[in-house]
Amino acid sequence: MNLPFKTLPELFQYFRNEDIARDFLERQRWPDGKIVCPACGKRGAYRNADMRSYGCRNVECKSKFTVTVGTMMENTKLPLAKWYAAIWLITAHKKGISSCQLARDLGIGQKAAWFLNHRIREMVTEKAPELLQDIVSVDETFVGGKITNMKKTKRKYYKDIGKDNKIPVMGLMEREGKVRLEVIGYNDLKYMVRKNVDKGAILVTDEHLGYRGLDNEYNGHVTVNHSHFVYTQDGFSTNNLEGFFSQLKRMVFGIYHQVSPQHLQRYCNEAAYRYNTRKIKDNERFVDAMQKTGGRLKYKDLIIPKTPTYNGKDLIEPSK
Ligand SMILES: [Zn+2]
């Protein structure tokens, strides 16, 4: 890929004014030059004289819109160059970047950086994921902050309900290819496997009872024994996945310190995206992420509810 920037300073230099940044987004969204109306979907909108907005040619629609309408950047107060720098920083850093660090790097407020971070995570979330193929390792881990590191009110909440903040996450990994992470409730193991793995694949799992019966549905099912530290059996293993899990935990503990349960899936998607694009260069990953700007994520939808839930489900394991 031939891009005019290979490093972050070059990116800043390239997007030195907002018009260039806007043109770039326009080319990413509509590579054939036919501007699509976000309200009615009609192609070939015209450009207004200000060069910064468009008008729909559909006489029943006549919408006026800008390049960011219908994207994660819609209604943003930040210059697009800062968005691009943030996309670069988040996708290029092996473990991601905290909102405090992002705020310092870009000279913006911490709250703005936090919101930016979440919208970029949403961007790189696979919208229509393909089923995993070939030999697929499946394993579970617990991700979450230590209660002692929490704010007093949160600590009290977890103490009162007698639960900790550890959330089960399933990892599914192709031998040479992609990984996917799913935040799970513990009864959902088979559901998550079926949702993510092609029936022609061979599954490699631990001996958890929750996987029983999948042999009948899949091309093969190999179980490996964790309790005896035998991770390899007949050449099948979950070793790569174990390695990826420890990377995920280092990311959550080291960079983000603590992740709220209802946001964890988005952090998982960020980690999976980085892994799945590990073979391409930073500038190529940036452009790849720029293809995925469609969609919205509103601030009010991110505010932490009192009870930690995800998709309406209580995620916390009952204490034993
Ligand atoms: Zn229209």
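**Close-up views of a predicted model**

**View 1. Val 222 sits buried in a strand.** Val 222 has a relative accessible area of 14%, so it counts as buried, the cut-off being under 20%. The model shown here and in every view is predicted. Val 222 belongs to strand β8. Its C-alpha atom is 9.1 Å from that of Ser 237. Along the chain, Val 222 and Ser 237 are 15 residues apart.

View 2. Strand β4 covers residues 135–143, and strand β7 covers residues 202–205. Three bridges join β4 and β7, and the two run parallel. Val 136 has Leu 203 of β7 as its bridge partner. Leu 203 also has a bridge partner in β8, namely His 221. Strand β8, residues 220–223, pairs with β7 over four bridges, again in the parallel sense.

**View 3. Five strands make up an open sheet with mixed pairing.** The strand order is β6-β5-β4-β7-β8. From one strand to the next, the twist averages 20 degrees. Strand β5 (residues 167–174) runs antiparallel to β6, and five bridges join them. Met 173 is placed opposite Val 179 of β6. In a regular strand, side chains alternate between the two faces of the sheet.

**View 4. Helix α5 is largely enclosed by the rest of the structure.** Helix α5 spans residues 110–123. Of its 14 residues, 10 are buried, so the rest of the structure largely encloses it. Among the buried residues are Trp 114, Phe 115, Leu 116, Ile 120 and Met 123. Asn 117, His 118, Arg 119 and Arg 121 of α5 are buried as well. The buried residues pack against α3 (80–92), α4 (99–106), α9 and α10 (282–290). At 1.5 Å a residue, α5 should span 20 Å. Its end C-alpha atoms are 20 Å apart, which agrees.

**View 5. Four cysteines hold the zinc ion.** The protein donors are the SG atoms of Cys 37, Cys 40, Cys 56 and Cys 61. They lie 2.3 Å from the zinc ion. The angles between the four donor atoms are 100 to 114 degrees, so the arrangement is tetrahedral. The donor residues follow the sequence spacing C-x2-C-x15-C-x4-C. Cys 37 lies in the loop between α2 (18–29) and β1 (46–47), and Cys 56 in the loop between β2 (54–55) and β3 (64–65), so the pair ties together parts that are 19 residues apart in sequence. Cys 37 and Cys 56 are both buried.

**View 6. Three strands form an antiparallel open sheet.** The order is β1-β2-β3. Strands β1 and β3 are the edges, and each pairs on one side only. Two bridges link β1 and β2 in the antiparallel sense. Arg 47 has Tyr 54 in β2 as its bridge partner.

Key:
Residues are numbered from 1 along each chain as its sequence is written. This is a predicted model: local features need pLDDT of at least 70, side-chain atom pairs count only at pLDDT 80 or more; totals for chains, interfaces and linings use all residues. Side-chain values use heavy atoms; hydrogens and water are left out. Donors are N, O and S atoms within 2.8 Å of the metal (3.2 Å for Na, K and Ca); water is not among the atoms, so sites may look incomplete. Four donors count as tetrahedral if all angles lie between 85 and 135 degrees; four count as square planar and six as octahedral if opposite donors are over 155 degrees apart and all others between 65 and 115; anything else is irregular. Buried means under 20% relative accessible area, exposed over 50%, partly exposed in between (1.4 Å probe, protein chains only). Two strands pair if DSSP finds at least two bridges between them. Axes are lines fitted to C-alpha atoms, for helices over the stretch in contact, and angles run from 0 to 180 degrees between N-to-C directions. The expected span of a helix is 1.5 Å times one less than its number of residues. Contact means heavy atoms within 4.5 Å.
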